[in-house]
Amino acid sequence: MSEVALAFRELYGYEPDGVWAAPGRVNLIGEYTDFNEGFVMPLALPHTAVAAVALRSDGVLRLHSADIEGPVVELRTDELEPRSGAGWAAYPAGVVWALREAGHDVKGADVHLTSTVPTGAGLSSSAALEVVTALALRDLLELPLSMAELASLAQRAENAFVGVPCGIMDQTASACCAEGHVLHLDARDLTRRQIPFDLPAHGLRLLVVDTRVQHALGDGAYAERRAGCERGARELGVRTLRELSSARLPDALRELSSPTVRGYVRHVVSDNERVARVAGLLAAGDVRGVGPVLTEGHASLRDDLRVSCAELDLVVGTAVGAGALGARMTGGGFGGSAIVLVETAGVQRVSAALNSAFASASLTPPRLFEATPSRGAHQLL
Ligand code: ADP
Ligand code: MG
């Protein structure tokens, strides 16, 4: 039996019905574009949230995380209230709520989970938690829901129940990514395309650099960027910024009164175009060509959207200075993680440069690991 199943038995006194896993993700390119109905290109990490789950029929939902100090959280499924401040338990409870709201008869469950996805590092530990819960309940209740539909329900849990206005990328990545691939997602119609991403075959590696900082500024900034993008779309008479082509961008920028909104619009339109460029480079087998596009994307996030921070800029500057092909922040910014595309032979040099730059700036050493494109959510046992 797996460790998680054993811990379930220890906790609840009986065997779970099964064990499921759902990964965190990094996003290769296309940041702050999903809620503008644009394009993103994430890959799933080998790090996963793992849940042992058993159904109950008495209306009780019990939730426990091995990674959080504290007792089992006990709730009633017919009393779940959005934004009721359930702390970490709001993520899995929100999924139960969203399933019930969608008309699925989830009576109750016992859940024990643990995760290797670093939390609050921009690697979507929250989506991993939601998706693993959604998948377990779908399988156990034999609900007629696709992986993409599970992702949408998980997003609804985070938006409406937890109260975080995230787009659809994180949950879709956790649910739908395929091993050895990046996922090209059109956030307007949710069309998905798996693109082979075998970096070692090209003598390359993708490093994740977790800065281990999280700036308080990030809390309201996501919603502010979102509102700014919506304002830009309104002023330009388009439904979403997705409708705006690169060709129309120069004229559109002249129409916008606020320099702040102008920057947001320029970022979103140019990052959508960068996703297309990266897709083209990968299709052509020019994986090295992706590097400069990443660095260009970082400059856009830093200067136009203004969601980077000193530590993320330090990672990008240091990595590129040490010979990396390209680098950029990934996820929401204001701390969290960056990605670095680097020759296999250059991994040591870049890692050493990053460690020494962080030491010189008196920062906690960054957490470095390789992003191997891993499979999406699945049943383990
Ligand atoms: P990210 O998704 O980028 O890691 P979020 O702030 O969206 O950051 O989600 C982090 C939150 O998710 C944590 O504060 C916690 O509430 C919850 N969470 C993530 N992993 C776990 C875990 N293993 N156990 C309990 N809660 C978790
Ligand atoms: Mg999250």
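# Pockets, strands and single residues in a predicted model

Cys 177 has a relative accessible area of 7% and is therefore buried. The class follows from the cut-offs: buried is under 20% relative accessible area, exposed is over 50%, and partly exposed is in between, with a 1.4 Å probe and protein chains only. The model is predicted, so local features need pLDDT of at least 70 and side-chain atom pairs count only at pLDDT 80 or more, while totals for chains, interfaces and linings use all residues. Residues are numbered from 1 along each chain as its sequence is written, chains are lettered from A and ligands numbered from 1 in the order in which they are written, and side-chain values use heavy atoms, without hydrogens and water.

## Cysteines

Zero disulfides turn up in a search of the whole structure, a disulfide being a pair of cysteine sulfur atoms within 2.5 Å. Cys 166 takes part in none, and the nearest cysteine sulfur to it, that of Cys 176, is 15 Å away. For Cys 177 the closest cysteine sulfur is also in Cys 176, but the separation of 7.6 Å is too far for a bond.

Cys 166 and Arg 156 are ten residues apart along the chain, and their C-alpha atoms are separated by 9.2 Å. Arg 156 belongs to helix H4. Helices (H or I, at least four residues) and strands (E, at least two) are DSSP runs, numbered from the N terminus.

The relative accessibility of these and two further residues is listed here.

| Residue | Relative accessibility | Class |
|---|---|---|
| Cys 166 | 7% | buried |
| Arg 156 | 36% | partly exposed |
| Leu 190 | 33% | partly exposed |
| Ser 362 | 68% | exposed |

## Largest pocket

Pockets and cavities are found on a 1 Å grid over the protein atoms alone: a cavity is a set of points where a 1.4 Å probe fits but cannot get out, a pocket is an open set with protein on both sides within 12 Å along at least five of seven lines, and lining residues have an atom within 4 Å of a point. Grid points are joined across faces, edges and corners, and a volume is the space filled by probe spheres set on the points.

The largest pocket has a volume of about 1,100 Å³. Its lining comprises 45 residues, with Gly 120, Gly 122, Ser 126, Glu 158 and Val 164 nearest the centre. Domain 1 (3-195) and domain 2 (196-370) both contribute to this lining, so the pocket lies between them; the bounds come from an automatic or database domain assignment.

At least two lining residues come from each of strand S6 (108-115), helix H3 (125-141), helix H5 (169-176), helix H6 (218-236) and strand S11 (335-343). H6 gives the most, with four residues. By class, the lining has 19 nonpolar, 19 polar and seven charged residues. Here Ala, Val, Leu, Ile, Met, Phe, Trp, Tyr, Cys and Pro count as nonpolar, Asp, Glu, Lys and Arg as charged, and the others, Gly among them, as polar.

Eight of the eight residues of H5 are buried, so this helix is largely enclosed by the rest of the structure. Cys 176 is one of those buried residues.

## Cavity

One cavity of 30 Å³ or more is present, and the largest cavity holds about 30 Å³ of space. Among the residues lining it are Ala 148, Ile 168, Thr 172, Leu 185, Leu 190 and Arg 192. H4 (residues 147-162) gives the most to this lining, with three residues. The lining divides into five nonpolar, two polar and one charged residues.

## Strands and loops

Strands pair if DSSP finds at least two bridges between them. S2, S7 and S8 form an open sheet of three strands in the order S2-S7-S8, with antiparallel pairing. S2 (39-40) and S8 (192-196) stand at the edges with a single partner strand each, so one side of each has no neighbour in the sheet. S2 is joined to S7 (residues 181-186) by two bridges, and Val 40 stands opposite Leu 185 in S7.

Five of the six residues of S4 (residues 60-65) are buried, so this strand is largely enclosed by the rest of the structure. Four bridges join S4 to S5 (residues 73-76) in antiparallel fashion, with Arg 76 in S5 as the bridge partner of Val 60. Five bridges join S4 to S6, and these two run parallel; Ser 65 stands opposite Leu 113 in S6.

Leu 190 is found in the loop between S7 and S8. Although not a glycine, Leu 190 has a positive phi of about 65°. Ser 362, likewise not a glycine, has a positive phi of about 55° and sits in the loop between helix H11 (347-360) and strand S12 (367-370).
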